[in-house]
Amino acid sequence: TALEQRAALAPAPLGAAVVEPAADDAEASAAASTPPAGSVEPSEREIECMELLEDEVEHALKQCTVKKLKSISQLGGASVWLSGFSTEGEATLTKGRCRFRASVTFRWEVLDAFGGFLGAAGRGEVAALSPEDRAPEVSIRASASGSLPAKSAGEWMKRHGAGLISECLSGAQLSTALLGSWAELAAEAEAEEAKLALVVPSSEALTEWSKAWLAQKLSSCPVKLFGGSAWATFSSPSTSGEVVASIRAGAVVADFRLGWRSRGRSPPPRCRPKAPSWCRSSRRSRAARARKHKSRQPLERKPPVSCSQLSVRQACLHSAGCSLSSPRSCS
């Protein structure tokens, strides 16, 4: 107003100091109020939500089928069945605002009061669907052939059914449903950005660390031999290969191909190892079984020989107890 302009142009009273902000303070306040470059505030984040719009359009048309196109009295209790929904276009969502431009197509058919096909069917289309359209224009096309009830059902769909479907596809209702999912979509977008911000280590550093780790594990890994009677260790193992890291499914994944080579070294035992107890016991058991088997064998008895069948020399040897096959062994 004029009074305010005069007060602003009036000189300051005596004894009053006019304090102007310093240049440094002004720059600091401006820098504090300005967000850093590259950062996006949550309220300014724009999220693509075309899939969510498709779900909301399909849900609205199914609700229209159940609530407004069922048991129509003008058609003698017949019902209209909507199916084959297809939504194309683009849709974006920000905090407090929704934008979309889409087209919708669907199929319709009429069922009689008993659930049978009446013979009336066709296609419906919404050429332009936006948040500003409270009642978008719906065009209905019906099949030319059919009985008289089928033709009357097609005419009813063009005159009254299109208006009922248009009320269910109100842009304001769809916008409200999309804005109700803002918090969930924003959380998913932040999670995706966090995955993309993962730091992938360099291949050289990752390969060097992997080789050192593998060599350390091999050096401190003794191997038991012969049931614990001896041990083997790997002396100065040498490793080779390469490790490459990449991002898969939102996580850092390492692809590696490593090899190692080393000479085995077994320290000499302090004393001569004893045979296992099971070995000594098995030897004793085998010897005992052999003695037992030998004691059970029957003694061989020679058949009696009559003196008439032997010569004088053989009779002497036989009476002396010598073997007849080797008489030289007897003295």
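Tutor: Here is a short tour, from the whole protein down to one residue. Keep in mind that the model is predicted. The protein has nine helices and eight strands. Of its 331 residues, 23% are buried. Take the contacts between residues at least 6 apart in sequence: 59% of them join residues at least 24 apart.

Now go to helix α5, which spans residues 171-179. Which of its residues are buried? They are Gly171, Leu174, Ser175 and Leu178. These four lie on the same side of α5, because they cover an arc of only 100° around the axis. The spacing has a simple background. An α-helix has 3.6 residues a turn, so residues three or four places apart point the same way. Turn to the other side of α5, and you find Gln173 and Thr176 exposed.

Next, step back into the loop between α4 (148-168) and α5, where serine 170 lies. Is serine 170 buried or exposed? Its relative accessibility is 7%. Buried means under 20%, so serine 170 counts as buried.

What does serine 170 touch, leaving aside its neighbours within four places in sequence? It is in contact with Asp133, Arg134 and Pro136. Look closely at arginine 134. Its backbone oxygen lies 3.3 Å from a polar atom of the serine 170 side chain.

In the loop between α4 and α5 lies serine 170, in contact with Asp133, Arg134 and Pro136.

Key
Residues numbered from 1 in each chain as written. Predicted model: local features only at pLDDT ≥ 70, side-chain atom pairs only at ≥ 80, totals over all residues. Heavy atoms only, no water. Helix = DSSP H or I, 4+ residues; strand = E, 2+ residues; numbered from the N terminus. Buried < 20%, exposed > 50% of the residue type's maximum accessible area, 1.4 Å probe, protein only. Contact = heavy atoms within 4.5 Å. Arc of directions from axis to C-beta. Polar contact = N/O pair within 3.5 Å; in protein donor to acceptor, adjacent residues only side chain to side chain.
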